[in-house]
Amino acid sequence: MPELRVVAVSNDGSRLVLKAADSTEYFLPIDERLRAAVRGDRPRLGQIDVESHLRPRDIQARIRAGASAEEVAQLAGISVERVRRFEGPVLAERAFMAERARKTPVRRQGESTGPQLGDAVAERLLLRGAEKDSTVWDSFRRDDGTWEVVLSFFADTQTYQARWSYDPPRRLVAPLDDEARSLIGETPERVEEPTFPFVPRIARLPGSERTITDRGLGMRPHAPERPVIERPVIERAPVEPPAPVVEPVVASLEVPPVVAAEPGAAEPEAPAAAGG
């Protein structure tokens with residue numbers, strides 16, 4: 001094994017230039033492993049061996065899915081510096097897809113074309129009073145191959161986010177939340193609940209034909225009626241009404257009293273018959 005010695009550092013500062021006894025030059029990357037070896041940090045060297053199983057394409061796939069460099073480093077247990085070496089191309093890809101989505105026409109139902117997403121949103125952001133420098137467009141790739149476009153803006157002392165789905169092959173964007181629908185002029189659908197008019201209950205005062213409402217005089221509602229018990233109907237033979245009682249009519253005859261005549265008295269004369 002030839003003995004090497006450090007003779008220089010590369011122009012970009014990423015490699016060491018080593019030279020052997022026969023003047024053959026070798027290059028050694030200046031990475032976390034070399035830094036840990038120089039410090040004599042053996043535990044860190046063992047951890048770097050485990051980290052080497054996370055390939056650069058895996059790091060880029062996580063960033064393409066929307067993760068930040070700090071999130072990937074914390075999840076994988078590696079340094080942020082190592083992640084940042086591979087995130088540059090992926091961040092450029094995310095910005096490119098967001099720009100393509102902004103230039104995609106927004107086609108509403110029943111329409112074949114429409115305004116571009118970026119123009120439609122800019123008009124309504126102006127009406128909302130959003131700060132121009134606060135708008136940030138970003139995108140990330142979802143598991144099904146489509147992209148999700150995210151707009152962040154600041155208005156009314158609050159930060160808002162709107163999300164759209166973007167299908168590059170079909171050149172189609174669709175809102176994913178109410179904020180996105182509002183920014184392209186689509187009001188969220190509202191399901192109207194049926195309304196029923198208020199009908200007061202009527203209570204009848206016992207022993208009176210007058211009625212009052214429960215709310216009018218604050219009286220208690222009428223007691224529930226007792227259940228009606230059906231009784232069997234027994235048919236009876238018809239009863240003839242009694243015959244009327246006829247009382248006999250007796251003629252009232254007045255008989256003059258008989259007066260006994262005294263002896264020697266003259267008999268009264270018969271009354272003379274009336275003339276004619």
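Axes here are lines fitted to C-alpha atoms, for helices over the stretch in contact, and angles run from 0 to 180 degrees between N-to-C directions. Helices (H or I, at least four residues) and strands (E, at least two) are DSSP runs, numbered from the N terminus. This is a predicted model, so local features need pLDDT of at least 70 and side-chain atom pairs count only at pLDDT 80 or more, while totals for chains, interfaces and linings use all residues. Residues are numbered from 1 along each chain as its sequence is written, and side-chain values use heavy atoms, with hydrogens and water left out.

**View 1. Helix α3 meets helix α5.** The axes of α3 (residues 56-64) and α5 (residues 80-102) come within 9 Å and cross at roughly 45°. That makes the two helices oblique to each other; angles under 35 degrees count as roughly parallel, over 145 as roughly antiparallel, 65 to 115 as roughly perpendicular and the rest as oblique. The crossing of α3 past α5 is right-handed, meaning the near helix is turned clockwise from the far one by less than a right angle. On the α3 side, look for Pro-56, Ile-59, Gln-60, Ile-63 and Arg-64. Their partners in α5 include Val-83, Phe-86, Val-90 and Leu-91, where contact means heavy atoms within 4.5 Å. Sorted by class, the α3 contact with α5 has eight nonpolar, one polar and five charged residues. For that count, Ala, Val, Leu, Ile, Met, Phe, Trp, Tyr, Cys and Pro are nonpolar, Asp, Glu, Lys and Arg are charged, and the others, Gly among them, are polar.

**View 2. Helix α3 again, now with helix α4.** Here the axes of α3 and α4 (residues 69-76) come within 10 Å and cross at roughly 130°. α3 and α4 are therefore oblique to each other, and their crossing is right-handed. Ile-59, Arg-62 and Ile-63 of α3 touch Val-72, Leu-75 and Ala-76 of α4. The contact of α3 with α4 splits into five nonpolar, no polar and one charged residue.

**View 3. A three-stranded open sheet.** The strand order is β1-β2-β3, with antiparallel pairing; two strands pair if DSSP finds at least two bridges between them. β1 and β3 (25-29) sit at the edges with a single partner strand each, so one side of each has no neighbour in the sheet. From one strand to the next, the twist averages 35°.

View 4. Four bridges join β1 (residues 5-9) to the antiparallel β2 (residues 15-19). Val-6 has Leu-18 as its bridge partner in β2, and Val-9 stands opposite Leu-16. Five residues lie between the strands of this hairpin, and Gly-13 takes a positive phi near 75°.

View 5. Asp-156 is not a glycine, yet has a positive phi of about 55°. Thr-157, also a residue other than glycine, has a positive phi near 55°. Asp-156 is exposed at a relative accessible area of 54%, and Thr-157 counts as exposed at 72%. Buried means under 20% relative accessible area, exposed over 50%, partly exposed in between (1.4 Å probe, protein chains only).

**View 6. Zooming out to the chain.** The chain has eight helices and nine strands. Of its 276 residues, 24% are buried.
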